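Notes follow in the order I looked things up.

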Amino acid sequence: MTAAECMVYTCESSAYAEVELHPARSDPQRAMVCPLHRDELENPDTKWMIDRDAGRFYVGEGLLRSNEYILVDNPTIHGYGTGREFSHFDEDGLHVHFKVHRRGKDAAEDVVLVLTSQEMEQAIRHLGELMPERR
Ligand SMILES: [Zn+2]
Ligand SMILES: [Zn+2]
């Protein structure tokens with residue numbers, strides 16, 4: 001009989017230890033992990049995320065693999081400038097300035113998203129669809 005693999009996404013070590021996840025939820029959540037990830041998860045400061053849809057368990061720096069960015073400040077938007085020229089005009093557009101931190105990393109970074117006003121409209125419409133209905 002071979003030992004089960006550590007549940008942490010991309011970890012190929014054998015799982016020897018059951019660890020309780022912090023914070024403890026009403027339904028106790030435990031994971032079978034390798035000793036290295038057990039040590040990491042025993043630290044309550046360690047961040048983790050379970051993505052049940054994708055069947056992935058991200059821990060600590062492994063969260064970088066989720067490729068998600070968390071907004072840490074309100075975004076600012078500004079319009080077209082005339083001071084710049086491009087080889088490809090279709091890559092000009094509105095600027096949305098975000099201050100974010102990447103999941104798995106604490107340092108904040110600045111990201112500027114460039115999109116056309118049509119793309120912006122579409123994004124806002126889509127966002128509206130995702131929002132719960134207001135009564
Ligand atoms: Zn592991
Ligand atoms: Zn800008």
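**Ser-66.** I started with Ser-66 and asked how exposed it is in this predicted model. I find 16 C-beta neighbours inside 10 Å, so Ser-66 counts as partly exposed. Being buried would take 20 or more, and being exposed 12 or fewer. Ser-66 sits in the loop between β4 (56-59) and β5 (69-71). I then looked up its contacts, skipping neighbours within four places in sequence: they are Met-49, Tyr-58 and Arg-103. I also checked Ser-66 against Arg-102, which is 36 residues away along the chain. Their C-alpha atoms are separated by 9.1 Å.

**Asn-67.** I stayed in the loop between β4 and β5, where Asn-67 is also found. Asn-67 has a phi near 55°, a positive value in a residue that isn't glycine. Is Asn-67 buried or exposed? I get 9 C-beta neighbours inside 10 Å, so I put Asn-67 down as exposed.

**Thr-10.** I noted another positive phi in a residue other than glycine: Thr-10, near 70°. Thr-10 belongs to the segment before β1 (17-20). With 10 other C-beta atoms within 10 Å, Thr-10 is exposed.

**Whole chain.** I stepped back to count elements and got two helices and eight strands. Going along the sequence, I read the order as β-β-α-β-β-β-β-β-β-α. What radius of gyration does the chain have? I get 21 Å, while a compact globule of 135 residues would come out near 14 Å. Along the principal axes, the C-alpha atoms fill a box of roughly 65 × 45 × 25 Å. I also looked up burial, and buried residues make up 10% of the 135 in the chain. For contacts between residues at least 6 apart in sequence, I noted that 35% join residues at least 24 apart.

**β7 and β8.** Next I went to the hairpin of β7 and β8, which has five residues between the strands. Strand β7 (residues 94-102) runs antiparallel to β8, and eight bridges join them. Lys-99 stands opposite Asp-110, which is in β8. In this hairpin I also found Gly-104 with a positive phi, near 105°. Why do I call β8 (residues 108-115) largely open? Of its eight residues, the number buried is zero, so β8 lies largely in the open.

**Helix α2.** My last stop was α2, which covers residues 117-130. From its first C-alpha to its last, this helix of 14 residues reaches 20 Å. That is close to the 20 Å expected at 1.5 Å a residue. I checked burial here too: among the 14 residues of α2 the count of buried ones is zero, and I wrote the helix down as hardly covered.

Terms used:
Residues numbered from 1 in each chain as written. Chains lettered and ligands numbered in written order. Predicted model: local features only at pLDDT ≥ 70, side-chain atom pairs only at ≥ 80, totals over all residues. Helix = DSSP H or I, 4+ residues; strand = E, 2+ residues; numbered from the N terminus. Rg over C-alpha atoms; globule rule 2.2 N^0.38 Å. Contact = placed C-beta atoms within 7 Å. Pairing = 2+ DSSP bridges. Expected span 1.5 Å × (residues − 1).
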